[in-house]
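Welcome! Please take a moment to look over the sequence and the 3D structure below before reading on.

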Amino acid sequence: MTQAKHITGPWITSVVFHDDRPATYAVHNKETAPDLVADYIPDEETAILIAAAPKLLAALIDRNGDLPPVQNGECRVCGREYFGDDIPDDGMCPSDDCPHTIARAAIAEAQPPDRMA
Ligand SMILES: [Zn+2]
């Protein structure tokens, strides 16, 4: 995995008060605040979700690990078995509902297009 180019975590939220309209929320790096990640977020729930993004991404990357999930014809994540020509050459489970596949897709969505693995 290449080094992160985004503002590193942990991220925190803050309320931004305005004179002429309802308060909005912002997300900052916790240690280097006010390094701004996002601003003018309309609700707290969305700001909290954005602030959790670095931890969520790190957890998915850690959960998936470095080894391909299919070992000796069996996916160590979803338990599906593959035989003969159905064994994936790259070791990646081809099942769309395998948690490893879902996590891999989410990790790819969080990366710039040129870094998709
Ligand atoms: Zn699987």
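The report below walks through this structure one topic at a time.

What you see is a predicted model. If you go element by element, strand E5, made of residues 74-75, has the highest mean pLDDT at 98, while E3 has the lowest at 93.

## The nonpolar core

Eight residues form it: Trp 11, Tyr 25, Ala 26, Val 27, Val 37, Ile 41, Ala 47 and Ala 51. Strand E2 (24-29), strand E3 (36-41) and helix H1 (44-64) are the elements that each supply two or more of these residues. E2 gives the most, with three. As a piece of background, nonpolar side chains tend to be buried together in soluble globular proteins.

Setting aside residues up to four places away in sequence, Ile 41 touches Thr 24, Tyr 25, Ala 26, Val 27, Thr 46, Ala 47 and Ile 50. Ala 47, for its part, sits in helix H1. Is Ala 47 buried or exposed? Ala 47 has 24 C-beta neighbours inside 10 Å, and 20 or more are needed, so this residue counts as buried. Beyond its neighbours within four places in sequence, Ala 47 is in contact with Thr 13, Tyr 25, Val 27 and Ile 41. Ala 47 and Trp 11 are separated by 36 residues in sequence, and their C-alpha atoms are 10.0 Å apart in space.

Next, follow H1 to its partner, helix H2, which covers residues 99-109. The two helices pack at an angle of about 140°, and their axes are 10 Å apart. That angle makes H1 oblique to H2. Their crossing is left-handed.

Which residues meet where H1 and H2 come together? On the H1 side they are Leu 57, Leu 60, Ile 61, Arg 63 and Asn 64, and on the H2 side His 100, Ala 103, Arg 104, Ala 106 and Ile 107.

## Around strand E5

Glu 74 belongs to strand E5. There are 16 other C-beta atoms within 10 Å of Glu 74, so this residue is partly exposed. Leaving out residues up to four places away in sequence, Glu 74 touches Gly 79 and Glu 81. Between Glu 74 and Cys 93 there is a C-alpha to C-alpha distance of 8.8 Å, with the two being 19 residues apart in sequence.

Step back from E5 into the loop that joins strand E4 (70-71) to it, and you will find Asn 72. The phi of Asn 72 is near 55°, a positive value in a residue other than glycine. With 8 C-beta neighbours inside 10 Å, Asn 72 is exposed.

Is Tyr 40 buried or exposed? Tyr 40 has 9 other C-beta atoms within 10 Å, and 12 or fewer is the limit for this class, so Tyr 40 is exposed.

Finally, which kind of peptide bond links Gly 9 to Pro 10? That bond is cis, with omega near 0°. Pro 10 lies in the segment before strand E1 (11-16).

Terms used
Residues numbered from 1 in each chain as written. Predicted model: local features only at pLDDT ≥ 70, side-chain atom pairs only at ≥ 80, totals over all residues. Core = buried A, V, L, I, M, F, W, Y, C linked by C-beta atoms within 7 Å. Helix = DSSP H or I, 4+ residues; strand = E, 2+ residues; numbered from the N terminus. Contact = placed C-beta atoms within 7 Å. pLDDT = per-residue confidence, 0-100. Axes fitted to C-alpha atoms, helices over the stretch in contact; angles between N-to-C directions. Parallel < 35°, antiparallel > 145°, perpendicular 65-115°, else oblique. Left-handed = near helix turned anticlockwise from the far one by under 90°.
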